[in-house]
Amino acid sequence: MKTLPRTDVVIIGGGWTGLLMAKELGARTHLSVVVLERGAPREAHGYLTDMDELDYAIRLRMMQDPSLETVTLRHHSKQRALPIRQFASFLPGTGTGGAGEHWQGWCPRFSPDSFELRTRTLEKYGAQRVPEGYDLHDWGVTYDELEPYYTRAENLIGVSGKAGNLKGKISPGGDPFEGPRSAEYPTPPMKMPHLAEMFRAAAQSLGLHPYPLPAATISTAYTNPDGVHRLGCAYCGFCERFGCMIGSKAQPTNTLLPVIARQKNVSVRSRSSVRRILHDRSGKQPHARGVVYVDDAGQEVFQPADLVVLSSWTLNNTRLLLLSEIGQPYDPVTGRGTLGRSLTHQVSFNAAVAFFDKPLNRFMGAGASGILLSDFDADNFDHEKLAFLRGGKFEVVASGARPIASFGAVPGSVKARWGSEWKKAALRYYDQNGAIFFSGEHLANRSNFMDLDPTYKDHLGDPLLRFTLNWYDNERRMAEFSGPKGLEMARAMGATDTLPFGGLQNYDATRYQSTHIQGGTMMGASPEESVLNPWLQHWDVPNLFVLGASSFPQNPSGNPTLTILAQTYRTADAIVERYLKKPGPLAG
Ligand SMILES: Cc1cc2nc3c(=O)[nH]c(=O)nc-3n(C[C@H](O)[C@H](O)[C@H](O)COP(=O)(O)OP(=O)(O)OC[C@H]3O[C@@H](n4cnc5c(N)ncnc54)[C@H](O)[C@@H]3O)c2cc1C
């Protein structure tokens, strides 16, 4: 194995989190920083031509190739897991920028009580209301502590939106349930497509509180605090699963790379796939020595480093710690061990599809141009008489109605599922339907976890990550509550026909839910309960920091990336202002 000269910092993964950490360390220190990214290099100007729905959105041109590395799935511990041969329910990214290149750009903050879920729930409802089999956790960080970092993340991206709670003052048109914000959004809300306006009017007529979706597909030209300039959105609809042609959607390549390119102390090595984090257990405190990766030529390389930052998204963050034997794997039988625990996804589905007798021009849109409401999210409504905890957001977005994926919705009254009757109805309703989407919170269940698969291996011969994952009572009851609410909203929009939600069955790997997978390397206030401390530093290995949604103790309904970026800023501050001055565990 080839050994390279030592670097101060090695960062594993060149997506949103890895590149943001690289940019911050590059700007604020003289440390040498190497980012290792397993996929191909990309640049912001790489998306100017050839947008093709079949290639990008259906054949998943930008995503991880499952024939090289995938995950195995089973619903419960007594089953044998099988490999997912085609990604569908979530879409792991690869290549410079990671999934941040082809994300959709929804940028909500999490509700303040999400960060203190256990404490607040027990205070209000008592331990007896926690459904059987579930674990509730606090994060070890509060909304108020994270708020300044949320603002920095919004300014980085230029998020378009309308504040609902500015410094404690509720302001009309925004989300009245949000935590207090120290500043208005950096750019105004996006233009609203007709369908979203219909939803806003309907929700208001029902006494609810709709507000514009906070968007990374920005409404107007914007220059961020790093001096990076981006254009306003052209509403072409090629956002989710695509890189943005004009750079309006914030992506690591158009927001972070322009800064990194000027930093002499940071380098990004693509086609460098990390297999292990090496660590020394001989001293008083285990210590990461660096990483072993496979380079473009297939050769194994040891990159020694003083500080290791793991930012390879939920799946590989967990898998690399398991493969490297850092931390104690979770055992669902005894409940011991923390690594791999608290795997969550997001309870996402169309609560109802509404059909209308007029065209909606849905082909004009953007990934994040739409209306949300949080009236049934978090603990914003009374759960006293309900059989579940927490909730989710209802959303109507006109994201471009691309012809392949958007074709085929027909009302429940059309019985045919194929043939000429179905085709006629599908053609008629192509531009006359809209989904009322629900994104619900997924609480950590003791039966849902990740470990290494005993049978299946990747192309390098390393065990695949195994998911043991299913829906349980809290998710099913939440879905039973949300479906009828969606229908009520559809009717208030003037729908002439509807397609109701069919109910939550077993976890289905073939239907896209979202690429919001959390857990595995959870953060928390004590090493008995969590893998990381509140600064995202590994409890056992202080020169190892782990970024991203793998640190989330549970899924809090909203899309994760803004919170991930806010936490990365907070960790960068902790490294620069505290760790580098006195390397070792960060206390307090
Ligand atoms: C289709 C889609 C739509 C989405 N929409 C939204 C949205 O609207 N709002 C939202 O908040 N979030 C959204 N997301 C999720 C969002 O993209 C992620 O939350 C975000 O990208 C996570 O950043 P990250 O740095 O943790 O991981 P990533 O961006 O995935 O980056 C991780 C990087 O690590 C690399 N890597 C992995 N393993 C290794 C290894 N062994 N060695 C070296 N490199 C490695 C990967 O190749 C990848 O480039 C969406 C995702 C997808 C796929």
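1. A word on the model. It is predicted, with local features needing pLDDT of at least 70 and side-chain atom pairs counted only at pLDDT 80 or more, while totals for chains, interfaces and linings use all residues. Residues are numbered from 1 along each chain as its sequence is written, and side-chain values use heavy atoms, leaving out hydrogens and water.

2. How they meet. Domain 1 and domain 2 each bring 56 residues to the contact (heavy atoms within 4.5 Å). The area buried between them is about 4,800 Å², with 58% from carbon and sulfur atoms; buried area is the accessible area (1.4 Å probe) that two parts lose on being put together, summed over both. On the domain 1 side, Glu53, Asn470 and Leu562 lose the most area to domain 2, together 15% of what that side buries.

3. Salt bridges. The rule (a side-chain nitrogen of Lys or Arg within 4 Å of a carboxyl oxygen of Asp or Glu) finds 33 in the whole structure and five across the interface of domain 1 and domain 2. Arg341 pairs with Asp135 at 3.6 Å, N to O. Arg319 and Glu69 form another salt bridge, at 3.4 Å, N to O. That pair joins distant parts of the chain, 250 residues apart: Arg319 lies in helix H8 (residues 313-324), and Glu69 in the loop between helix H2 (53-58) and strand S4 (71-74). Helices (H or I, at least four residues) and strands (E, at least two) are DSSP runs, numbered from the N terminus.

4. A helix pair to look at. The axes of H1 (residues 16-28) and H12 (residues 561-579) come within 10 Å and cross at roughly 30°; axes are lines fitted to C-alpha atoms, for helices over the stretch in contact, and angles run from 0 to 180 degrees between N-to-C directions. Residues in the contact include Trp16, Leu20 and Arg28 of H1 and Ile564, Tyr569 and Glu577 of H12.
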